[in-house]
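Hello,

Here is the structure I said I would pass on. My notes on it follow below.

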Number of protein chains: 2
Amino acid sequence: MILSRIILGLLAIAPMSGADLKRQFDTTVNHFWSADKAQIYRTLAALVDERLASVTVVPGTTAPDSQEHRITDAGRVALVAWLDSELDRQPERDAFIARIFLAESLSDDAVGRLIERRRAAALEQLAALETIEASAAPARTRGEHLRLATLDHGLRHVRTELEWLDTVEEQLP
Amino acid sequence: MILSRIILGLLAIAPMSGADLKRQFDTTVNHFWSADKAQIYRTLAALVDERLASVTVVPGTTAPDSQEHRITDAGRVALVAWLDSELDRQPERDAFIARIFLAESLSDDAVGRLIERRRAAALEQLAALETIEASAAPARTRGEHLRLATLDHGLRHVRTELEWLDTVEEQLP
DNA sequence: CGAGACTAGTTGACAAGTCTCCTAGTCCCG
DNA sequence: CGGGACTAGGAGACTTGTCAACTAGTCTCG
């Protein structure tokens with residue numbers, strides 16, 4: 001459901017093929033959603049099925065011709081309906097925090113290593129976000145403004161994460 | 001996999017029935033994981049199946065006798081193995097941020113409402129975490145210390161979220 | 001005593017997400 | 001020319017998580 005609406009939203013920004021969408025999910029959109037390509041193609045097929053999107057085959061230089069999907073009028077209606085609907089409350093889920101919570105039986109060293117690995121992941125995330133930020137044009141339209149705000153959201157949370165890791169590490173041994 | 005290890009970890013703190021676990025997932029552990037009761041009972045059965053936990057029926061005052069599960073030695077081994085294993089990288093996933101990213105076609109009012117609903121959810125979360133914090137005993141053992149650190153993690157992120165919501169709202173109209 | 005609420009545990013169906021492998025075609029390089 | 005890497009698209013099996021309904025017993029209160 002959510003994935004189908006996100007795809008619809010991306011198609012509303014520009015028509016795209018499945019492979020294009022996969023690239024979006026791996027880069028610009030990665031800080032709040034991601035998707036397996038199998039899932040993307042299936043969802044795309046379902047959207048066309050429901051007449052929320054349409055396909056046109058674009059013969060190109062590469063292998064199977066890419067299939068450009070574009071949002072239909074019905075699709076736009078469905079998209080706005082979702083955007084404006086009740087928030088789906090989503091459970092917090094963080095396996096790393098779970099490990100820390102349960103780390104009683106782990107040695108200090110092992111806990112330290114855990115923290116370091118998380119820090120590495122967070123720094124990677126930070127770098128990825130900063131790259132996107134650096135390559136982003138200054139926001140002119142409201143749409144661009146909102147998209148930048150979500151980047152800022154990601155950055156703030158990664159930084160909070162890094163700060164938290166620092167304090168945990170300090171208090172450790 | 002992760003759920004089964006978390007349950008194992010909780011059983012390592014104290015033997016518990018399925019209903020007890022459900023209560024944990026709804027309260028103390030809620031800020032980083034949650035689980036449906038169907039899932040809990042099924043996972044518990046699997047753990048017993050793999051000899052990582054054992055059951056004893058505790059006849060009690062209420063309806064079906066509760067089944068106390070306790071972690072076995074093999075279970076402790078499996079738990080530590082998981083705690084100390086490579087971090088499972090988990091994709092960020094936040095449907096709310098997705099909506100903001102795609103909110104171009106929404107009216108200013110609608111975006112404002114979205115923000116307000118998120119703020120309400122965040123404040124609720126904050127209250128829940130503060131309640132747990134207030135009722136928590138000061139950490140004496142390292143285990144308690146680590147558990148408090150995860151609470152702090154939750155609090156920091158909710159506060160970051162609220163700050164972000166403020167700045168987004170300011171820049172809005 | 002009997003109705004209704006509550007309890008622990010259980011089942012089935014389903015939706016969402018992941019992993020592995022496959023087809024066909026193009027491109028590059030030795 | 002032939003092999004290997006890469007591309008877009010896709011099928012299948014499997015795991016996780018969610019939802020709804022059900023059993024069977026206890027407790028409370030009119």
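This is a predicted model: local features need pLDDT of at least 70, side-chain atom pairs count only at pLDDT 80 or more; totals for chains, interfaces and linings use all residues.

Along the principal axes, the C-alpha atoms of chain A fill a box of roughly 60 × 40 × 35 Å.

Chain A holds seven helices and two strands, in the sequence order α-α-α-β-β-α-α-α-α. Of its 173 residues, 44% count as buried. The accessible surface of chain A is about 8900 Å², and carbon and sulfur atoms make up 54% of that surface. Taking contacts in chain A between residues at least 6 apart in sequence, 54% join residues at least 24 apart.

Next, the DNA. DNA strand C is surrounded by 23 residues, and the closest are Q39(A), R42(A), Y41(B), P64(B) and Q67(B). Of the atoms of DNA strand C that come within 4 Å of the protein, 62% belong to sugar and phosphate. By class, the residues of this surface are nine nonpolar, seven polar and seven charged.

- Q67(B), through a polar backbone atom, at 2.4 Å
- G18(B), through a backbone N or O atom, at 3.3 Å
- R93(B), through a polar side-chain atom, at 3.4 Å

The elements that give two or more residues to the surface near DNA strand C are α3 (37–49) of chain A and, from chain B, α2 (18–26), α3 (37–49) and β2 (66–71). The most comes from α3(B), with four residues.

Regards

Terms used
Residues are numbered from 1 along each chain as its sequence is written. Chains are lettered from A and ligands numbered from 1 in the order in which they are written. Side-chain values use heavy atoms; hydrogens and water are left out. A residue is near a molecule or strand if one of its heavy atoms lies within 4 Å of it. A polar contact is a pair of N or O atoms within 3.5 Å; within protein, one must be able to donate a hydrogen and the other to accept it, and residues adjacent in sequence count only if both atoms are side-chain atoms. Ala, Val, Leu, Ile, Met, Phe, Trp, Tyr, Cys and Pro count as nonpolar, Asp, Glu, Lys and Arg as charged, and the others, Gly among them, as polar. Buried means under 20% relative accessible area, exposed over 50%, partly exposed in between (1.4 Å probe, protein chains only). Contact means heavy atoms within 4.5 Å. Accessible areas come from the Shrake-Rupley method with a 1.4 Å probe; for residues, only the protein chains shown count as cover.
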